[in-house]
There are 4 protein chains.
Amino acid sequence: MKNVPPQTFKTAFRILWVDTDAAQVVHFSNYFRFFERAEEEFYRYLGFDFGDFGRKGLWFPRVEVFCRYKKPARFNDLIEVELTVEELREKSVRYGFKVANKESRDVLANGYLVAVVADRQTGKSVPIPVDIVEKLKPFHK
Amino acid sequence: MKNVPPQTFKTAFRILWVDTDAAQVVHFSNYFRFFERAEEEFYRYLGFDFGDFGRKGLWFPRVEVFCRYKKPARFNDLIEVELTVEELREKSVRYGFKVANKESRDVLANGYLVAVVADRQTGKSVPIPVDIVEKLKPFHK
Amino acid sequence: MKNVPPQTFKTAFRILWVDTDAAQVVHFSNYFRFFERAEEEFYRYLGFDFGDFGRKGLWFPRVEVFCRYKKPARFNDLIEVELTVEELREKSVRYGFKVANKESRDVLANGYLVAVVADRQTGKSVPIPVDIVEKLKPFHK
Amino acid sequence: MKNVPPQTFKTAFRILWVDTDAAQVVHFSNYFRFFERAEEEFYRYLGFDFGDFGRKGLWFPRVEVFCRYKKPARFNDLIEVELTVEELREKSVRYGFKVANKESRDVLANGYLVAVVADRQTGKSVPIPVDIVEKLKPFHK
């Protein structure tokens, strides 16, 4: 019986000038870069060893990504990205993301990213390493 | 009765070095930039006047985007992006995209992008201008 | 007689996966984005009001930029960017940058960026506002 | 006695929406991406085999880059990048670039890029392969 609510991971950063486009808002493709940045900071928070992972020839190809945009973000805005583990399978993990303006609390966008773990030599997906699975579990809804 | 199959628009370009990441494949976020590039070339193909559109204070915010990745693209690959009009409403259009390796014919990714037309002053969406709707119709499935 | 050494401004951040290219190092163009990020954080540190600046229709076009690369930076490296004011004129400022690996202390790159202040309506450069000049002076060598 | 003027290589492309920033002009860092794109197209024009080069574990690290900006480029502008070989040494080549608006003929920017050839295993620079040197010579001033 699961009574403990899933944990979430949050990180905040400023919108850079280079993130904007001629509509004077953040280019839509950059939200995926924000998702990935939150994912990277999440892994560091979990104590994950990127160097070791890379030396084993493993990486995280993306299988499917999605984003729905609510309100624009502008240069110098402080945004907060919240990450949850929406789905955790043997060979894939689906992270959910919510991007909000940290000052106004407006939700700007939400989306997800499905990643697998693959062996760079063979190009094939492999089971997510057990130590990673254990670290992800508390964040799984 | 609609007997004419919808038209599709295709464009091809090379993967640049800067499009790749340390996995030696195209970074997943760049597919959205390829989608948008195809959309821009499609508008030029339709004879759309970007300057006039911009001077009227109109632009194309994105509402929702999605991509599913099948196979990676690598530096110097020649890719082809195929665009179709999947849905055409009063205030929004949904473009579908298929990205293939033009030489091997392998499908690399497919996805979509829902755009609206908005007035930059008010921030509100407005009906898609009639002349654009007319140009989009033959591409609508 | 100037006896006080110029102040420097330092900021540190992690290399993101998207910053890398297929050589598994940071793409050379991204160092200019790091320079600009340091410049933006420096302005925030000085208490500069970006919103007010933008509402006056002012911005900072770049006139000249340069970078020399010494050693590569890789994914997940913690880098430190040091900014100095190398030259301060009525209408332009030249920032110098040094990028180092914060852990190994290796210098990775150094370069500069000459910016002016321009009026977006006229497209012409204008004198740097006095309050900015005063804030920059202690950082001027 | 050298009577034959050096050849130049030219390529033209459109400014994409994603290339722009909130000043509604191309972000300054993107000119280096345009330089590199011209360099890549130049290598293809020369019949250079990127695949073979990569399989040998070779790549082109950049040593020094520079750009001076004259006039801004905007979304949808057709720009032309002209490449010349400014300096050709045993272990390095310096490409010069001129970016112009292909319609107005205005010069927008010029700059250079010094590249070496390096072995990815050792990280050391190696002499530029003879077949490349021979292909570059006619473009050398």
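A salt bridge, as the word is used here, is a side-chain nitrogen of Lys or Arg lying within 4 Å of a carboxyl oxygen of Asp or Glu. With that in mind, and remembering that what we have on the screen is a predicted model, please look at the place where B:R68 and A:E64 come together, since their side chains form such a bridge, with 3.2 Å from N to O. Across the interface of chain A and chain B the rule finds 2 salt bridges, and there are also 12 residue pairs in polar contact, both residues being at pLDDT 80 or more.

Which parts of chain A make up its side of this interface? At least two residues each come from α1 (30–45), β3 (62–69) and β6 (107–119) of chain A, and β3(A) gives the most, with 8 residues. Sorted by class, that side of chain A has 13 nonpolar, 3 polar and 6 charged residues.

Turning to the contact as a whole, 22 residues from chain A and 22 residues from chain B take part, and the two chains bury about 2,000 Å² between them, 60% of it on carbon and sulfur atoms. In chain A, the residues that lose the most area to chain B are A:F28, A:R33 and A:V65, which together account for 26% of what that side buries.

Just after α1(D), D:G47 takes a positive phi of about 80°.

Technical notes. Residues numbered from 1 in each chain as written. Chains lettered and ligands numbered in written order. Predicted model: local features only at pLDDT ≥ 70, side-chain atom pairs only at ≥ 80, totals over all residues. Heavy atoms only, no water. Helix = DSSP H or I, 4+ residues; strand = E, 2+ residues; numbered from the N terminus. Contact = heavy atoms within 4.5 Å. Buried area = accessible area lost by both parts, 1.4 Å probe. Polar contact = N/O pair within 3.5 Å; in protein donor to acceptor, adjacent residues only side chain to side chain. Nonpolar A, V, L, I, M, F, W, Y, C, P; charged D, E, K, R; others polar.
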